[in-house]
Amino acid sequence: TNDLFKAESPNFKNLHFVNLGCPGETTTTMLEGGSCNYAAGSQLAAAVQFLHAHKGHIAFITIDIGGDDIDTCFLPQLNQQCFESAQATIKANLPKIASQLRRAAGKKVPIVGMNYYDPYLATWLSGTQGHQAAAASQPLVKKVNKEIASALRAKAFEIAPVASAFHTYEPLTKKKKTYHHQKVPVPVALICEKTWMCAPAPKGPDIHCNASGYLKIAKVFEKEKL
């Protein structure tokens with residue numbers, strides 16, 4: 001959001017950046033609170049309160065939610081049952097979140113959410129079993145992304161296609177990019193270059209982006225917003 005604010009500031013007169021985000025927030029904690037402290041009780045309640053208080057003065061809204069619902073499904077190994085449970089939770093919670101934000105913002109305010117890259121593609125580097133595990137993760141991430149897009153688009157949100165920017169669903173049989181002196185599939189190389197998944201301890205493995213990755217995501221939002 002900091003990168004996006006910097007890029008968009010020249011396009012709006014007196015644009016101000018208000019960040020109500022919370023590290024580690026899931027769709028459940030966004031609704032109910034418990035992850036970060038908000039005077040209103042939850043991130044969603046705080047956002048709705050802010051939108052009502054600034055009606056007519058909101059340029060655009062961005063939201064990144066759902067990724068932390070599946071965070072624990074990746075490490076230390078891929079857990080399909082975890083994915084299915086997270087998908088069900090997102091399906092139950094995200095329509096409530098989207099509905100309240102849209103109602104508070106009004107029909108005309110652009111709201112942009114995002115889908116997700118697949119950090120588990122980094123396991124491709126570990127050999128034959130890693131190749132299989134990485135390929136198995138792709139359809140699971142695709143299902144979760146489909147659930148997110150469905151819930152958000154139902155309330156006229158735009159979707160920043162982060163998964164596409166990271167080539168998330170591209171077949172891993174294609175080896176096109178050099179990473180650490182070996183040819184690897186483009187999606188694998190991007191995960192290693194833009195996140196901490198391939199970094200040695202103590203920085204990695206970590207599903208979150210590095211500065212380059214966050215800038216890439218901001219550019220996806222920038223293209224989608226207007």
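Buried means under 20% relative accessible area. The exercises below apply that cut-off to a predicted model.

**Exercise 1. Is glutamine 138 buried or exposed, and what does it touch?**

Step 1. Glutamine 138 lies in helix α6.
Step 2. Take its relative accessible area, which is 11%. The cut-off for buried is under 20%, so glutamine 138 is buried.
Step 3. List its contacts, not counting residues up to four places away in sequence. Glutamine 138 touches Asp118, Leu121, Thr168, Tyr169, Glu170 and Leu172.
Step 4. Follow one of these contacts, Tyr169. Lysine 142 lies over the face of tyrosine 169, at 5.3 Å from the ring centre.

**Exercise 2. Find the largest nonpolar core and say which element gives the most to it.**

Step 1. Start with the background. In soluble globular proteins, nonpolar side chains tend to be buried together.
Step 2. Give the size. The largest nonpolar core has 65 residues. Phe83, Leu94, Leu101, Phe166 and Ile217 have the most contacts inside it.
Step 3. Name the suppliers. At least two residues of this core come from each of α3 (43-53), α5 (80-105), β2 (111-114), α6 (128-153), β3 (158-160), α7 (162-165), α8 (186-194) and α9 (211-225).
Step 4. Pick out the main one. α5 gives the most, with 10 residues.
Step 5. Look around leucine 101. Leaving aside neighbours within four places in sequence, leucine 101 is in contact with Leu44, Ala47, Leu51, Ile63, Ile111 and Phe157.

**Exercise 3. How many aromatic pairs are there, and how are two of them arranged?**

Step 1. Count. There are 5 aromatic pairs.
Step 2. Describe one. Phenylalanine 12 and phenylalanine 60 form a tilted pair, with 5.7 Å centre to centre and 45° between the planes.
Step 3. Locate both rings. Phenylalanine 12 lies in the loop between α1 (2-8) and α2 (27-32), and phenylalanine 60 in the loop between α3 and β1 (61-62), so the pair ties together parts that are 48 residues apart in sequence.
Step 4. Phenylalanine 12 has 25% relative accessibility, so it counts as partly exposed. Phenylalanine 60 has 17%, so it counts as buried.
Step 5. Turn to another pair. Phenylalanine 74 and phenylalanine 83 are edge-to-face, at 5.3 Å centre to centre and 90° between the planes. Both phenylalanine 74 and phenylalanine 83 are buried.
Step 6. Ring pairs link Phe74, Phe83 and Tyr120 into a cluster.

**Exercise 4. Where is isoleucine 65, and which residues are in contact with it?**

Step 1. Locate it. Isoleucine 65 is in the loop between β1 and α4 (67-70).
Step 2. List contacts beyond four places in sequence. Isoleucine 65 is in contact with Glu25, Thr26, Thr27, Met30, Leu94, Tyr116 and Ile148.
Step 3. Isoleucine 65 and alanine 134 are 69 residues apart in sequence and 23 Å apart in space, C-alpha to C-alpha.

**Exercise 5. How many residues of α8 are buried?**

Step 1. Count. In α8, 8 of the 9 residues are buried, so the helix is mostly covered.
Step 2. Name them. They are Val186, Pro187, Val188, Ala189, Leu190, Ile191, Cys192 and Lys194.

**Exercise 6. Which residues line the largest cavity?**

Step 1. Count cavities. The structure holds 1 cavity of 30 Å³ or more.
Step 2. Give the volume. The largest cavity has about 40 Å³.
Step 3. Name the lining. Leu51, Lys55, Gly56, His57, Ile58, Ala104, Ala105 and Val109 line the largest cavity.

How values were computed: Residues are numbered from 1 along each chain as its sequence is written. This is a predicted model: local features need pLDDT of at least 70, side-chain atom pairs count only at pLDDT 80 or more; totals for chains, interfaces and linings use all residues. Side-chain values use heavy atoms; hydrogens and water are left out. A nonpolar core is a set of buried Ala, Val, Leu, Ile, Met, Phe, Trp, Tyr and Cys residues joined through side-chain atoms within 4.5 Å. Buried means under 20% relative accessible area, exposed over 50%, partly exposed in between (1.4 Å probe, protein chains only). Helices (H or I, at least four residues) and strands (E, at least two) are DSSP runs, numbered from the N terminus. Contact means heavy atoms within 4.5 Å. Rings of Phe, Tyr and Trp (its six-membered ring) pair if their centres lie within 6.5 Å; planes under 30 degrees apart count as stacked, over 60 as edge-to-face and the rest as tilted. A charge sits over a ring if NZ of Lys or CZ of Arg is within 6 Å of the ring centre and within 35 degrees of the ring normal. On a 1 Å grid over the protein atoms alone, a cavity is a set of points where a 1.4 Å probe fits but cannot get out, and a pocket is an open set with protein on both sides within 12 Å along at least five of seven lines; lining residues have an atom within 4 Å of a point. Grid points are joined across faces, edges and corners, and a volume is the space filled by probe spheres set on the points.
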